[in-house]
Amino acid sequence: MSVLSDLAAGLGRGSVEVVDLTATLSGRTPVIQLPEPFADTPPFSMEPLSRYDDAGPAWYWNVMRLGEHTGTHFDAPVHWVTGRDSLDVSQVPPEHLVAPAAVIDKSAEVAENSDFLLEIEHVRAWEEEHGPLPEGGWLLFRTGWDARSHDQEAFLNADGDGPHTPGPSAACACWLAEETDIVGLGVETVGTDAGAAATFDPPFPAHSYLLGAGKYGLTQLQDLGRLPATGSVLIVAPLPIEDGSGSPCRVLALVGR
Ligand code: 23J
Ligand code: MN
């Protein structure tokens, strides 16, 4: 297959760059804080089983504890009640995990307004400029929020009124779910929904509509600014956890240079 030999040659020559969109996992990885009385995911933690010592003289390995929805991670349809009869993360077809990406950049708007909502008109305007959203591809929402990911407080950006982070409006989430052929929505924030989305109708509309339509979510992506608006290909690799609602995952982008 010459397309694969061309790809391999491009990777070798550097005309195809591999961009890692994954945040490093550590005890400092931000985790979502939901309003009372909902349960929260614990922070990532890890302890050694052995480190070239009596418990394993020639080997180093760890055991870790983390929520499925920690750091750069994948939301499977079954994560939400609207997708409860749909796929768990182990059932996601691998064909869906290698797919083109469209990047909509609203980082300038978000710098002015942390509560910025992506609307249908914004996506329509993007399509006027760049063509239709890729069939079976990801819509990636660039906000510049990745610059805050080293710091839980800056990343969650909460005050007395709750968190202030960007996301899609309820109308936009519904439209993306029902009227487009995207495979999912990827964001730089702690969840695919805006910080204020607990108060939206329906609550958490990105989760509710997209997962309900059998689409996926990708969160806490970084370096989306290194991707072109169109033309990149994403490789998304959640672990196939049986009955899992999602998984931390590695997300790589292939970008032509
Ligand atoms: C559970 C409840 C609400 C939200 C989330 C999880 C996430 O953002 C997630 O990681 O899926 S908004
Ligand atoms: Mn999630």
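What percentage of the 257 residues in the protein chain is buried? Buried residues account for 46% of them, where buried means under 20% relative accessible area, exposed over 50% and partly exposed in between, using a 1.4 Å probe and protein chains only. Welcome to a predicted model, in which local features need pLDDT of at least 70, side-chain atom pairs count only at pLDDT 80 or more, and totals for chains, interfaces and linings use all residues. Residues are numbered from 1 along each chain as its sequence is written, chains are lettered from A and ligands numbered from 1 in the order in which they are written, and side-chain values use heavy atoms, with hydrogens and water left out.

**Overall build**

- The protein chain has six helices and 14 strands; these are DSSP runs numbered from the N terminus, with helices (H or I) of at least four residues and strands (E) of at least two.
- Its radius of gyration is 19 Å, close to the 18 Å that the globule rule gives for 257 residues, so the chain is as compact as a globular protein of that length. The radius is taken over C-alpha atoms, and the rule is 2.2 Å times the number of residues to the power 0.38.
- Of the contacts (heavy atoms within 4.5 Å) between residues at least 6 apart in sequence, 73% join residues at least 24 apart.

**A buried serine**

- Ser232 sits in strand E13, which covers residues 232-238.
- With 1% relative accessibility, Ser232 counts as buried.
- Beyond its neighbours within four places in sequence, Ser232 touches Pro100, Ala101, Leu227, Leu254 and Val255.

**Aromatic pairs**

- The whole structure holds six aromatic pairs. Rings of Phe, Tyr and Trp (its six-membered ring) pair if their centres lie within 6.5 Å; planes under 30 degrees apart count as stacked, over 60 as edge-to-face and the rest as tilted.
- Trp80 and Phe204 have ring centres 5.6 Å apart and planes at 70 degrees, so this pair is edge-to-face.
- Trp80 is in the loop between strands E4 (73-75) and E5 (98-105), and Phe204 in the loop between strand E11 (184-187) and helix H6 (205-212), so the pair ties together parts 124 residues apart in sequence.
- Both Trp80 and Phe204 are buried.
- Phe116 and Phe141 form a tilted pair, 6.5 Å centre to centre with 35 degrees between the planes.
- Phe116 is buried at 9% relative accessibility, and Phe141 is buried at 2%.
- Phe74, Trp138 and Tyr216 make up one aromatic cluster.
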